[in-house]
Amino acid sequence: SNDDGMTPTEREQWLRDHGVQIESSADRRKAESALSGTDRPLSVVEQVQRLSISDAAAGGENGVKFVYLPHDTSKKIQTVCLPSRLVEALGPAGDIIPTYVKSFFADGRSIDEKIFKDQAAKQNLLGGDMEKFAVNAKKEKLATVSEGEPAAAAVKEEEKKTTLSSSSLMNATAGGSTETFPLVRPSKTNKNEGVYIYLDEVGMLKHLHLNTRASQLAQQCGYHPAPNFYGDVFVGRVSSKPMLHNVDIESGDIMDTTKEWIVRAPHENVLWQQAINEATGRSGETQPDHAGTEGVAAEATGNDGCSYTWLQNEEEVELTVPLIDDGDETVNKRLIKVNFLHQKVVVKYNNECKVEVELYSKIDVDGCTWTLDKKNLVITCEKARDGEIWPRLEL
């Protein structure tokens, strides 16, 4: 028996009613059934395709409105629809948007091996978020073969065997994988309504373009520095009363910065963080900073194996490169050669290549300079796109 007196089914339903997202194999079968057949509702992919052809609403479906926010700033932010038939099939409780939009993120793009290894090493993701995909992929495969205790035992055995690789991660996310980012959570002060961004969970590893409008929206909601979002995203709204369910939000609701939910979001996010800090016994904890921000230099390795550092803000990126080892020798300015390209910086001293870095994003060559600070070369590059925080220095 369980301490709370609930059966597993009752506990699962209680968690769903209180906003915990749970996707079982039965949920996946329901979703596949609701989105298949000749009389199925439009998929989100089909809705977005129709938007690219016409500015008219995407397709005549009745349901809950949410927003498509493309990374390409030349494209309009537009309203799409979560079909009522899907909500009826998977609901009524819960946030249905992650299930509905994940097919949009099944784009067939491969995962960049270099970025994958870099992130796994820097963020210590081995055994964490990334490995979750490899384990879940094997769980899902086993769940389709057998049910009950034998399957559970087999899953545990597979978990032990699972080793993280970019190929296993790609296999696990081939059908699409949705990450949910809270712009503001439901609370008494906002009528128990929260607004969320839905994005490709492995968008950065696919090397998708930065979505600067999504970052700006998060910044307006009080996130400083603004988080990075990759590729096209969606924005939806939920209400937590009487149980968690999706409610309407339209393009104008996120484009108009005077909307009450945007104005109140920074304060409500601070209150939420304070409540979490109190509940967990932490103090002063805030969102993690991006590499090279907040005046904290990030390290990189040059061509000669020596380390250098870099800093960034929304307008510039600064590299500090030691030219000679400590000692009595002085730097000869005439031996310094710096070449600025649109997405590359090359530094040579005395004909030796010290740094040759392919940058994450483009720079304005005319806005780049260098100065000498004792034995260090300080390079300042103006970013081609203002307001862009890079997740890393190198491409």
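Of the 395 residues in the protein, 41% are buried, where buried means under 20% relative accessible area, exposed means over 50%, and partly exposed lies in between (1.4 Å probe, protein chains only). This is a predicted model, in which local features need pLDDT of at least 70 and side-chain atom pairs count only at pLDDT 80 or more, while totals for chains, interfaces and linings use all residues. Residues are numbered from 1 along each chain as its sequence is written, and side-chain values use heavy atoms, with hydrogens and water left out.

Let us stay with the whole protein for a moment. Among contacts (heavy atoms within 4.5 Å) between residues at least 6 apart in sequence, 60% join residues at least 24 apart.

Now to the secondary structure. The protein has 12 helices and 14 strands; these are DSSP runs numbered from the N terminus, helices being H or I with at least four residues and strands being E with at least two.

Strand 13 is joined to strand 14 (residues 376-383) by seven bridges, and the two run antiparallel. If you look along this pair, you will find aspartate 373 opposite asparagine 376 in strand 14.

A further open sheet has three strands in the order 10-11-12, again with antiparallel pairing. Strand 10 (336-341) and strand 12 (352-358) each have a single partner strand, so one side of each is left without a neighbour in the sheet. Here neighbouring strands are turned by 10° against each other on average, direction ignored. Six bridges pair strand 10 with strand 11 (residues 344-349) in the antiparallel sense, and phenylalanine 340 has valine 345 in strand 11 as its bridge partner.

Finally, the cysteines. Cysteine 81 is buried at a relative accessible area of 9%, and cysteine 221 is buried at 0%. The structure holds zero disulfides, a disulfide being a pair of cysteine sulfur atoms within 2.5 Å.

Methods:
Two strands pair if DSSP finds at least two bridges between them. Axes are lines fitted to C-alpha atoms, for helices over the stretch in contact, and angles run from 0 to 180 degrees between N-to-C directions.
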